[in-house]
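Good morning, and thank you for making time for this item. Please look at the sequence and the model on the screen while I go through them.

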Amino acid sequence: MNIDLSFKYKALIDHLNNEKPLEPDFALVLGSGLGGFANTVYVIKSFRTKDLPGYPESTVEGHSGIIHFAEYEKKKLLLFQGRIHFYEDYKLSECILPAFIANKLNCKIILLTNAAGGINRQFKPGDLMLADSFNGIEIKKELTELIGISSEKMHNDFINFPSTEINQIIRNSAVEERIDIKEGVYWYSKGPSYETPAEIEMMHRFGGDAVGMSTVPEAVFAASVGMKAASISCITNYAAGISKQKLTHDEVTETANRVEDKFSRLVRRIIISI
Ligand code: HPA
């Protein structure tokens, strides 16, 4: 089934187009516990997503659901604080909304950030990881249905994530800020629970470095409409089975909060460099 997203979200896009204080160039989706970044830039206007027509409400703690129009060093930004996850029983056509809105408001670049579990034994909580590829095998069918691969161009753009150009900018920005950034494969997990040790072992053997429950739907959608997309994960915990400790959402938000300063510094440098 091909869903007409422009029809589904017409009222929402019209509303934002009428109310927006600026034309954003760069969109940023802030992952679990990373929303504080919004306090480090100049916010011009904010919308609570629950006040926007047709916007699904997020139900996860730490995801407050706000869209900010902001500026930093003359760059015009669209920030999404709070996401919509597949594991909350939303449809994929809802999960991709930040990327859809960013595209409709003419942003050419989107940076997706997330909290993720570290599968790679070299990673520790607090590390940042740039995605150099992804594994979306769990939702390939749903994504294909949503996006509809009708032309050869879309066929190829579909997996045009991450953008090599933006990834290079991110690497350079990390060097300039003296931040050690890891690189690896982001493995999309549908949730709703964290993984079992056996699932993590499988992901490890198949090349996964970090696991999370977001980003891939938005990234693939953005790539399919020709936006440049990249992803930075905050490794908030050892993935299941790698340490003996039982995983909790609190651990995820606590680590993300701890890393926020380093994360915000890096993202601000990326914004300047783009
Ligand atoms: N698994 C899935 N998603 C996550 C994790 C994890 O270990 N940590 C943060 N988000």
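This is a predicted model: local features need pLDDT of at least 70, side-chain atom pairs count only at pLDDT 80 or more; totals for chains, interfaces and linings use all residues.

Ile110 lies in strand 5, and I begin there. Ile110 counts as buried because it has 28 C-beta neighbours inside 10 Å, where the cut-off for burial is 20 or more. Once neighbours within four places in sequence are set aside, the contacts of Ile110 are Ala27, Ala99, Ala102, Ala222, Met227 and Ala229. Two of these partners deserve a further word. Ala229 is 119 residues away from Ile110 along the chain, yet their C-alpha atoms are separated by 4.9 Å. Ala27, in turn, is paired with Ile110 as its bridge partner in strand 5.

Strand 1 runs parallel to strand 5, with four bridges between them. Strand 1 also pairs in the parallel sense with strand 4, here over five bridges, and within strand 4 it is Leu79 that stands opposite Leu28. Which way do the residues of strand 1 point, and are they buried or exposed? Phe26, Leu28 and Leu30 point one way, Ala27 and Val29 point the other way, and all are buried.

In soluble globular proteins, nonpolar side chains tend to be buried together. In this model the largest nonpolar core has 80 residues, and those touching the most other members are Leu28, Ile110, Ala210, Ala219 and Ala229. Helix 10, residues 249–273, gives the most to this core, namely eight residues. For Ala210, the contacts beyond four places in sequence include Ala116, Phe123, Met129, Trp187 and Ile235.

Next, the ligand. How many residues surround it? There are 14, and among the closest are Ala115, Gly117 and Val252. By class, the shell consists of eight nonpolar, five polar and one charged residues. Strand 5 (109–118), strand 8 (210–212) and strand 9 (228–238) each supply at least two residues of that shell. Strand 5 gives the most, with three residues.

I close with the backbone geometry. Most residues other than glycine have a negative phi, and most peptide bonds are trans.

One joins Phe161 and Pro162, with omega about 0°; Pro162 sits in the loop between helix 6 (152–157) and helix 7 (164–176). The other runs from Gly191 to Pro192, with omega near 0°, and Pro192 is in the loop between strand 7 (181–188) and helix 8 (197–205).

The others concern phi. Glu73, which is not a glycine, has a positive phi near 45° and belongs to the loop between strand 3 (66–72) and strand 4 (75–81). Thr215, also not a glycine, has a positive phi of about 70°, and its place is the loop between strand 8 and helix 9 (216–224). Are these residues buried or exposed? Glu73 counts as exposed because it has 9 C-beta neighbours inside 10 Å, while Thr215 counts as buried because it has 27.

How values were computed
Residues are numbered from 1 along each chain as its sequence is written. A residue is near a molecule or strand if its C-beta atom, placed from the backbone, lies within 6 Å of it. Ala, Val, Leu, Ile, Met, Phe, Trp, Tyr, Cys and Pro count as nonpolar, Asp, Glu, Lys and Arg as charged, and the others, Gly among them, as polar. A residue is buried if 20 or more other C-beta atoms lie within 10 Å of its own, exposed if 12 or fewer, and partly exposed in between; C-beta atoms are placed from the backbone. Two residues are in contact if their C-beta atoms, placed from the backbone, lie within 7 Å. A nonpolar core is a set of buried Ala, Val, Leu, Ile, Met, Phe, Trp, Tyr and Cys residues joined through C-beta atoms within 7 Å. Two strands pair if DSSP finds at least two bridges between them.
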